[in-house]
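This briefing covers one model, topic by topic. Please keep the sequence and the structure in view while reading.

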Amino acid sequence: MNHSDSERIAAYLEKNNLSETSNINEANFVVFNTCGVRQMAEDRVYGQIHNLHKDKKSKRKIILTGCLANRKDVQKRLKDKVDLFFPINEFEKLENFVIGNLLEIGNLKLKISAQKISHIQESIAYLSINPKYTNNFQAFVPIMTGCNNFCAYCVVPYARGREVSRPHKEIIKEIKALVKKGYQEITLLGQNVNSYNDGKINFSQLLKKVDAIPGNFRILFVSNHPKDVDDEMIEAVTSCKKVCECFHLPLQAGSDEVLRRMNRKYNSKDYLKIVNKIKKAFKKNKPGKLFSITSDIIVGFPGETKKQFEESAKVMRKAEYDMVYFGQFSPRPGTAAWNMKNNVSKTEKARREKYLNEILKKTTSENNKNYVGKTLEVLIEKEENGFYFGKTRTLKNVKIPAAKKRLVGKILNVKIIKANAWNLEGKLN
Ligand code: SF4
């Protein structure tokens with residue numbers, strides 16, 4: 001989501017006669033679009049801003065948005081170094097600041113673009129800006145922003161506010177334009193993507209509308225909340241032809257007690273029921289096709305005992321994931337978990353992550369064996385050292401000896417010849 005927001009910020013600034021520079025020392029404006037999910041990311045921002053600020057002669061303006069922009073402690077810490085803090089859903093603050101400063105530095109060519117958006121009151125308005133896509137074959141399309149769930153560890157509801165969905169007609173228009181330009185992969189984005197509802201249609205209905213857009217492209221979506229996965233959604237995901245056979249379903253923890261303290265609003269039994277329904281539906285609606293289920297798990301949430309942690313391992317073995325993104329719990333200011341006792345040591349968190357990673361390695365190795373001998377569509381994402389690297393529709397990484405032609409950005413038929421734990425190897429068919 002932050003990546004997509006950055007594309008919109010860049011587009012807005014360019015519309016106002018500013019151009020991007022690869023040399024930060026030449027910049028009049030430096031915009032930090034921050035992520036506050038992990039302390040490490042936060043510390044990097046402090047370091048970079050501190051380094052920029054050392055140059056006392058520079059007139060450059062430093063702007064900070066994203067997760068950290070609303071945090072009082074961050075504003076206090078950086079008050080002498082940052083010229084503007086603006087939460088992304090208050091885009092008009094950036095607009096007013098940039099206009100004021102361009103006039104001050106004598107940019108006489110300044111024109112207020114047709115994309116001036118401050119008259120639109122809603123926090124979703126900035127999403128209507130046409131972004132400056134950073135890639136010409138994969139695009140991220142935000143369909144909603146914000147979150148109402150208040151998971152105990154998460155900063156998103158504080159950083160982005162409550163859920164707001166974009167009008168579906170605007171989303172369809174953006175995707176149609178991307179498909180016309182030849183984009184091969186469209187990822188629908190939202191903090192809680194499957195609670196999309198613009199007052200007219202829900203997420204399943206939107207998925208069907210996007211699927212019906214003519215053209216040869218793939219559809220992905222992130223990130224789901226299990227509590228908003230219903231039968232209608234499972235049916236839509238598993239039956240729409242362009243929607244990839246990959247379902248991301250964050251578990252976060254396998255222990256019902258930890259899930260309760262995380263405020264996740266489901267238990268492990270409900271969760272596994274959904275996993276089984278998804279597997280059954282893929283088999284019924286796309287017979288013979290490979291599919292994958294992926295997840296996010298946090299280790300070392302405050303108070304997570306060894307026995308409770310073992311519940312995460314149990315669910316992992318049953319779900320047989322194709323990928324899991326692990327996070328070691330890190331307390332974030334302002335969240336409910338900030339006040340809980342962070343009593344699992346760093347060493348123990350690392351041990352738990354390693355333990356779960358071994359389980360994942362077993363399930364991915366087993367699942368990946370099913371790919372050998374099959375010819376699959378692979379979107380080629382990059383070429384390096386004589387190899388293409390791409391992804392199947394189930395989001396498996398594939399390494400392929402490169403052809404003479406430049407085929408990056410194309411969907412090609414690839415025969416899988418070898419399965420490893422973390423990737424597949426193939427050859428062009
Ligand atoms: S649903 Fe996702 S975005 Fe919302 S609070 Fe929970 S983890 Fe954060």
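Lys-265 sits in the loop between helix 9 (256-262) and helix 10 (268-285). Helices (H or I, at least four residues) and strands (E, at least two) are DSSP runs, numbered from the N terminus. The model is predicted: local features need pLDDT of at least 70, side-chain atom pairs count only at pLDDT 80 or more, and totals for chains, interfaces and linings use all residues. Residues are numbered from 1 along each chain as its sequence is written, and side-chain values use heavy atoms, with hydrogens and water left out.

**Backbone exceptions**

- Lys-265 is not a glycine, yet its phi is positive, about 65°.
- The peptide bond from Val-222 to Ser-223 is cis, and its omega is near -5°.
- Ser-223 belongs to the loop between strand 8 and helix 8 (231-239).
- Most residues other than glycine have a negative phi, and most peptide bonds are trans.

**Ligand shell**

- Around the ligand stand Cys-147, Asn-149, Phe-150, Cys-151, Tyr-153, Cys-154, Val-156, Pro-157, Gln-191, His-225 and Arg-264.
- A residue is near a molecule or strand if one of its heavy atoms lies within 4 Å of it.
- By class, the shell has seven nonpolar residues, three polar and one charged.
- Ala, Val, Leu, Ile, Met, Phe, Trp, Tyr, Cys and Pro count as nonpolar, Asp, Glu, Lys and Arg as charged, and the others, Gly among them, as polar.

- Three strands make an open sheet, ordered 4-7-8, with parallel pairing.
- Strand 4 (138-142) and strand 8 (218-222) are the edge strands, and each pairs on one side only.
- From one strand to the next, the twist averages 25°.
- Five bridges link strand 4 and strand 7 (residues 185-189) in the parallel sense.
- Two strands pair if DSSP finds at least two bridges between them.
- Ala-139 is opposite Ile-186 of strand 7.
- Helix 7 (residues 203-211) lies across strand 7 and strand 8, at about 155° to strand 8.
- Axes are lines fitted to C-alpha atoms, for helices over the stretch in contact, and angles run from 0 to 180 degrees between N-to-C directions.

**Helix 11 against helix 12**

- The axes of helix 11 (residues 306-319) and helix 12 (residues 346-369) come within 10 Å and cross at roughly 20°.
- That angle makes helix 11 roughly parallel to helix 12.
- Angles under 35 degrees count as roughly parallel, over 145 as roughly antiparallel, 65 to 115 as roughly perpendicular and the rest as oblique.
- Helix 11 contributes Lys-306, Phe-309, Glu-310, Ser-312, Ala-313, Met-316 and Arg-317 to the contact, and helix 12 contributes Glu-348, Arg-351, Arg-352, Tyr-355, Leu-356, Ile-359 and Leu-360.
- Contact means heavy atoms within 4.5 Å.
- The residues of this contact divide into seven nonpolar, one polar and six charged.

**Barrel**

- Five strands close into a barrel in the order 12-13-14-16-15, with mixed pairing.
- Here the twist averages 50° from one strand to the next.
- Strand 12 (residues 375-384) runs antiparallel to strand 15 (residues 411-419), and five bridges join them.
- Leu-379 is opposite Ile-411 of strand 15.
- Strand 15 is also joined by five bridges to strand 16 (residues 424-428), again antiparallel.
- Strand 15 and strand 16 form a hairpin, with four residues between them.
- Lys-415 stands opposite Lys-427 of strand 16, and Ala-419 has Leu-424 of strand 16 as its bridge partner.
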